[in-house]
Amino acid sequence: NARVLIDGPSELVFDYAIPDGLDVRPGCRVRVPLRRKSAGGTVLSIAPADGQADFALRELESLVDPEPLITPVLLKAGEWIAGYYGSSIESVIRSLLPEAVRTEENSAKTRRIALLTNAPDETALAKLSKRAPKQFAILSLLIASTDGRMPVADLGEGNAAALKALEKAGLIILEAEEVRRDPDADSADEILEFKPLPLNPEQAEAFEAVTAAIADPQNAKPILLLGVTGSGKTEVYLQAAQRALDLGKTVLVLVPEISLTPQTVRRFKSRFAAIQDQVAVLHSNLSQGERFDEWHRIRKGKARIVIGARSGVFAPLPDLGLIIVDEEHENSYKQENPPRYHGRDVAVLRAAFEPCAVVLGSATPSLETWHNCQTGKYQLLRLDQRADGQSMPLVRVVDMRLEKAKQKGGVAILSDKLRTALEQRLEKGEQSILFLNRRGFARSLQCPACGHVCQCPHCAVALTYHRTDERLVCHVCGHQAIVPHKCPECRAPSILLQGYGTQKVEEVLAKVLPTAKFARIDADAMRRKHALRDTLNAFKSHKIDILIGTQMIAKGLHFPNVTLVGILNADLGLHVPDFRAGERTFQLLTQVAGRAGRGDLAGEVIVQTFTPHSPSIQYSRKHDFDGFAEQEMDFRRQFSFPPYAHCSVLTARSGHERRAEFTLQTLHLRLAENLPDGMVLGEVLPSPLIRSHGQFRFQITLRHHRARGLTNHVQSVLARTTLPDDVTVVFDMDALNFS
């Protein structure tokens, strides 16, 4: 019998009998009878037929593809994900097989090709030019072409009859040819070959360790490549990838953000210019057709290097030799929808199953990965010096409490020190980056008379003012509202803007530095396809002096002429109810600071903050990861927080506040029964963001040293609890988001 997951949003799973002569294996795509129709599906597993069944199973209709689309290794990884994260196998399969591949609406794109098979001599051509000028024109084009073949579309319109006549005469053959929908086809950038660079002693040592792991993956540990920003981690990746290719293996490269994908793709295509058509990309900005083509190129072995975001970890690469997880600490590797897997952890798991080498790279690794190095589970390699020999940028901390006093209570956006530094860079022809992790113009609108703040009707957050669209926007659910000219509550005529975002910074810069050319990079400005790539290219070619951006510009970017980085509000993520707030702030500040001084010129970083004595800010000022990790790990150890325990969140949400809370209180009582030894069960509390998308949310945190024990306990309680129809309960294992 075959257990089949039916295509569609309903997660239907049915058993079907396998007819004789049909070679069905797990991971195969099949056609099945469903009621009175035929439907597509994916085989989850094969089980022996039960001769004791009271009814006869319907048979599979046919195989869509003779080979399984999901490899045995990926099926094994999918089963592990379902068990570890408490997700249904159906949701995991939907991650393993993207919708573009799973649904029948997508197929390979083809075009008709005319192929010259028997070229007539000059006498025959001369006769044809008088008797059938259209046939003569087609033959002339084909003879003039380099390989005697051309797309029918390029042979002119209205030539159908002429083509048929030529085919009937045996002069040409018409055939269909598959056309790749290349995600990078409309790029005007020319790919120039970039030769390998000489490695310094630290890089050479790291390279040798990685190549040893590629050669003997059975006995290799996962590798953490801890390299300061600008230390040349990418060069180690590239040379290690070359070694894997030389051994006949394939390479998978994961990057945390779509914004980093174009630059990473360009670097790999430049290094592997001779085989750049064998580099494939997988990320959510691809169209369905592009994703279909890239996925099948990977499966058929036509792509030997795959670069992708989180979901790229499931790329069906054969003979995998090396997995690289760049910026492994990034939260974007964690999937927020079922199945809530962590891309980095699944990469390590897949490397063990394949087996192959896996390299996790970061200047500020997560404390979970750091702990694995300290306990000997992972191998630690360090790059403590910048590859170009330059020193780390000088970091200056500006106390904005003093700046606010200077400006007599006004909103201090640019300190005197930062404004002066920007002017100096402009005079020298050098470039600068300003970082602020908040988009929009103003954080909120508030009435000075009654104190009313314009709130989102669906979420417990204030609406952010966006001047470019002249709209109030909720950054949680996307709700938009018209900007009021009077207070909606008391009708007072004045209403004040509170706080500031990247749009406000843009306006201030235009006044303070009118001669500067600047651009803004955030989710609002980069809506157009390839807008980010075009802006970064303009910045690289020095058409832009100052780049203003959110965390989209915080990591991975390499611009040698940038000598100044200004961090405008370093406290934004520091004072939130999350035990990882300090770690995230340290990582973000260190990564942003690393954009400065990456060329021949010395770099400077100016950090504006209202809490200058925070450990996150002080340790990032010194580029001291070890010091930060030591004090942060001591705090985590005292309170049994990760990495010393696994932490999960159980959330109940509903449009009815009391019902969501009562459901979670019921679950809390059942979880407390037979609580496993050592498990810490938190109280039922409102989520920090108590209302989101019109749903009230309450949560419980659970901590335990055994992940499987925690998942099994929660899943057993959920399995025997009947939930109200309008209440949704979500379990997030190894949670990163507590809001």
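Tutor: Let's start with the cysteines: the structure holds zero disulfides, a disulfide being a pair of cysteine sulfur atoms within 2.5 Å. Take Cys447: the closest cysteine sulfur to its own is in Cys487, 3.6 Å away, and that is too far for a bond. Cys447 counts as buried, with 2% relative accessibility. Cys647 is buried too, its relative accessible area being 2%. Here buried means under 20% relative accessible area, exposed means over 50%, and partly exposed is in between, using a 1.4 Å probe and protein chains only.

Keep in mind that this is a predicted model, where local features need pLDDT of at least 70 and side-chain atom pairs count only at pLDDT 80 or more, while totals for chains, interfaces and linings use all residues. Residues are numbered from 1 along each chain as its sequence is written, and side-chain values use heavy atoms, with hydrogens and water left out.

Now the helices. Helices (H or I, at least four residues) and strands (E, at least two) are DSSP runs, numbered from the N terminus. Two packed helices are described by the angle between their axes and the distance between the axes. Axes are lines fitted to C-alpha atoms, for helices over the stretch in contact, and angles run from 0 to 180 degrees between N-to-C directions.

Look at α1 (residues 72–85) and α2 (residues 89–96): their axes come within 9 Å and cross at roughly 135 degrees. That makes α1 and α2 oblique to each other; under 35 degrees counts as roughly parallel, over 145 as roughly antiparallel, 65 to 115 as roughly perpendicular, and the rest as oblique. On the α1 side, the contact uses Leu74, Leu75, Gly78, Glu79, Ile81 and Ala82, and on the α2 side Ile89, Val92, Ile93 and Leu96, where contact means heavy atoms within 4.5 Å.

Further along, the axes of α20 (residues 657–672) and α21 (residues 707–719) come within 10 Å, crossing at roughly 125 degrees, so α20 and α21 are oblique to each other. Leu667, Arg670 and Leu671 of α20 meet His713, Val714, Val717 and Leu718 of α21.

Finally, α9 (residues 261–271) is mostly covered, with eight of its 11 residues buried. Among the buried ones are Val265, Phe268 and also Lys269 and Arg271. The buried residues of α9 pack against α8 (233–246) and the strands β10 (250–254), β11 (279–282) and β12 (305–308).
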